[in-house]
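This report describes one protein chain for a reader who has not seen it before.

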Amino acid sequence: MAETQRVDPYRGYNFRVEIERLGEAVFSECRGLGATIEAIRYAEGRSPVVHWVPGKVTYHEVHCLYGLTAEPKVWEWMYEGLEGKVTRKNVSIILLDAAGVAEVVRWDLDAAWITKWRAAALDALAQEVAIESVTFVYEKLTRKVSAAGSK
């Protein structure tokens with residue numbers, strides 16, 4: 001009997017985000033990445049059988065959190081949209097290996113833009129990092145597994 005080699009899942013904490021023309025943005029969390037294919041019921045003529053056919057594709061919003069710093073790149077991109085100049089950029093969410101060095105999986109969000117921004121909660125009694133958030137929407141999603149990720 002052939003012996004199977006155990007493959008450990010990737011760590012969700014080793015990732016980085018790259019934004020076209022802005023470079024790498026430091027986010028502490030990214031959630032919501034996904035897609036849905038609408039399922040439409042279809043009945044043929046007088047047949048009692050109902051079939052399912054695929055409908056429109058919807059990409060889910062991606063919510064990313066980051067520690068507030070003096071770095072203005074993400075804020076400036078979002079603020080352009082508030083002024084009526086929405087600029088679409090390609091965004092890549094890149095999962096790294098356990099050492100945090102080699103790229104193993106990349107999700108490319110094509111024609112993304114920031115649709116929501118939320119300021120950090122400010123609390124004089126707390127001792128937490130000031131965390132802001134942005135929400136991206138995008139036109140297309142692709143996934144690439146690198147050579148390091150396919151081992």
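## One residue and its neighbours

In this predicted model, Val91 touches Val17, Glu18, Ile19, Trp77, Trp107, Asp108, Leu109, Ala112 and Phe136, leaving aside residues up to four places away in sequence.

## The nonpolar core

Val91 is also among the residues with the most contacts inside the largest nonpolar core, together with Ile19, Phe27, Val74, Val134 and Phe136. That core has 23 residues. Two or more of its residues come from each of these elements: strands S1 (15-19), S6 (62-67), S7 (89-96), S8 (103-118) and S9 (131-137), and helix H1 (73-82). S8 gives the largest share, five residues.

In soluble globular proteins, nonpolar side chains tend to be buried together.

## Elements along the chain

The chain has 10 strands and one helix. Read from the N terminus, the order is β-β-β-β-β-β-α-β-β-β-β.

Of the contacts between residues at least 6 apart in sequence, 63% join residues at least 24 apart.

## Overall dimensions and surface

The radius of gyration of the chain is 20 Å, whereas a compact globule of 151 residues would have one near 15 Å. Along the principal axes, the C-alpha atoms fill a box of roughly 65 × 55 × 35 Å.

Buried residues make up 25% of the 151 in the chain.

## Charges

The chain carries 21 negative and 19 positive side chains. The centres of these two sets lie 6 Å apart.

Note on methods
Residues are numbered from 1 along each chain as its sequence is written. This is a predicted model: local features need pLDDT of at least 70, side-chain atom pairs count only at pLDDT 80 or more; totals for chains, interfaces and linings use all residues. Side-chain values use heavy atoms; hydrogens and water are left out. A nonpolar core is a set of buried Ala, Val, Leu, Ile, Met, Phe, Trp, Tyr and Cys residues joined through side-chain atoms within 4.5 Å. Buried means under 20% relative accessible area, exposed over 50%, partly exposed in between (1.4 Å probe, protein chains only). Helices (H or I, at least four residues) and strands (E, at least two) are DSSP runs, numbered from the N terminus. Contact means heavy atoms within 4.5 Å. The radius of gyration is taken over C-alpha atoms; the globule rule is 2.2 Å times the number of residues to the power 0.38. Lys and Arg count as positive and Asp and Glu as negative; His and the chain ends are not counted. The place of a charge is taken as NZ of Lys, CZ of Arg, CG of Asp or CD of Glu.
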